[in-house]
Amino acid sequence: MGHVPNVASIADSVNSRPEAITLSKGVSVTRAKQPVYDSAYKGEQINKDLRLRSVDVLFILDATMSMQPVMDVTKSKIKEIATQIMKSDGYELRVGYVAYRDFDIEPGAQFLPFTYDLKAFVSSVEAVEAHSRCKGQLDEPEDVFTGLEMALGMDWKSRVRAVIHIGDAPAHGKAFHDFGPGRDNFINGDPEGRNLKDMLRFLRVDCKVGLYMFLQVPSPRKTIDTKKMVAAFKEAAAADEWIQDKELHEMQEDFVSGVLDAVHSSIVRSKSGC
């Protein structure tokens with residue numbers, strides 16, 4: 001049995017809003033600057049009808065050096081997705097992000113809790129930089145699991161909930177890629193012992209996330225891709241259509257409506273027991 005994240009303690013850490021927290025041993029997590037929250041949308045103050053039309057979208061972003069050549073395009077797509085959802089008729093949107101890096105890279109992961117303030121969100125995303133200041137030897141995979149773990153601690157509360165994960169490299173471990181030991185410092189898997197099945201189950205069942213969309217960013221190095229990782233994620237999730245994947249450049253005008261339709265469909269399936 002792998003390490004099961006303590007969701008309650010992670011959520012408490014997120015909501016207490018310190019300048020820095022530690023989610024896993026050796027993983028430094030720094031907080032992005034906070035926007036001002038609109039107290040009218042807290043807890044039971046949310047109107048029932050509004051709640052049915054509310055949307056939480058969390059972006060999980062690979063913010064390592066390999067992403068640097070495409071970081072501006074990636075940020076632009078994130079803003080485009082968020083803006084299109086915000087403009088969709090009848091939806092109240094909260095957006096947040098997690099920007100993960102790798103072990104021994106400074107700074108560590110960053111995150112912004114859900115906010116209704118799109119301008120503050122865009123400003124915070126713009127400030128995210130791709131880094132590779134590494135204390136040890138650089139390798140190809142990234143610490144994807146910290147991105148997942150941090151997603152579990154977000155303040156999920158809207159009716160429609162979706163994760164949009166953007167990256168160009170797989171997680172550590174031979175289950176997620178075909179690299180040799182020389183290209184993965186943790187070839188046997190996550191050094192923290194976190195379990196993929198457990199985290200995806202928490203995200204889908206406990207956090208009630210209706211859709212996990214992975215957007216592959218083509219790497220300039222053709223030998224790197226995320227196909228094996230995405231296949232492993234789908235197998236671990238064991239939920240038809242919950243995890244979907246596309247290439248970032250494949251986004252069309254109807255992408256956002258497709259995301260919302262997929263989320264709603266997953267909610268209907270979960271209620272019907274399908």
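Is Asp178 buried or exposed? Asp178 is exposed, with a relative accessible area of 67%. The views below come from a predicted model.

**View 1. Overview of the protein.** Eight helices and 10 strands make up the secondary structure listed for the protein. Of its 274 residues, 53% are buried. Its accessible surface is about 12,800 Å², and carbon and sulfur atoms account for 49% of that area. Among contacts between residues at least 6 apart in sequence, 81% join residues at least 24 apart. The whole structure holds 11 salt bridges.

**View 2. The salt bridge between Asp178 and Lys228.** The closest N and O atoms of this pair are 2.8 Å apart. Asp178 sits in the loop between E8 and H6 and Lys228 in helix H7 (residues 227-237), so the bridge ties together parts that are 50 residues apart in sequence. Lys228 is partly exposed, at 33% relative accessibility.

**View 3. The salt bridge between Asp143 and Arg194.** Here the closest N and O atoms lie 3.0 Å apart. Asp143 belongs to the loop between strand E7 (133-134) and H5, and Arg194 to the loop between E8 and helix H6 (196-206); the two parts are 51 residues apart in sequence. Asp143 is buried at 4% relative accessibility, and Arg194 is buried at 5%. Salt bridges with shared partners join Asp143, Glu149, Asp190 and Arg194 into one network.

**View 4. The salt bridge between Asp155 and Arg94.** The closest N and O atoms are 3.6 Å apart. Asp155 is in the loop between helix H5 (144-152) and strand E8 (160-167), while Arg94 is in strand E4 (residues 92-100), 61 residues apart. Asp155 is partly exposed at 34% relative accessibility, whereas Arg94 is buried at 3%.

Technical notes
Residues are numbered from 1 along each chain as its sequence is written. This is a predicted model: local features need pLDDT of at least 70, side-chain atom pairs count only at pLDDT 80 or more; totals for chains, interfaces and linings use all residues. Side-chain values use heavy atoms; hydrogens and water are left out. Helices (H or I, at least four residues) and strands (E, at least two) are DSSP runs, numbered from the N terminus. Buried means under 20% relative accessible area, exposed over 50%, partly exposed in between (1.4 Å probe, protein chains only). Contact means heavy atoms within 4.5 Å. Accessible areas come from the Shrake-Rupley method with a 1.4 Å probe; for residues, only the protein chains shown count as cover. A salt bridge is a side-chain nitrogen of Lys or Arg within 4 Å of a carboxyl oxygen of Asp or Glu.
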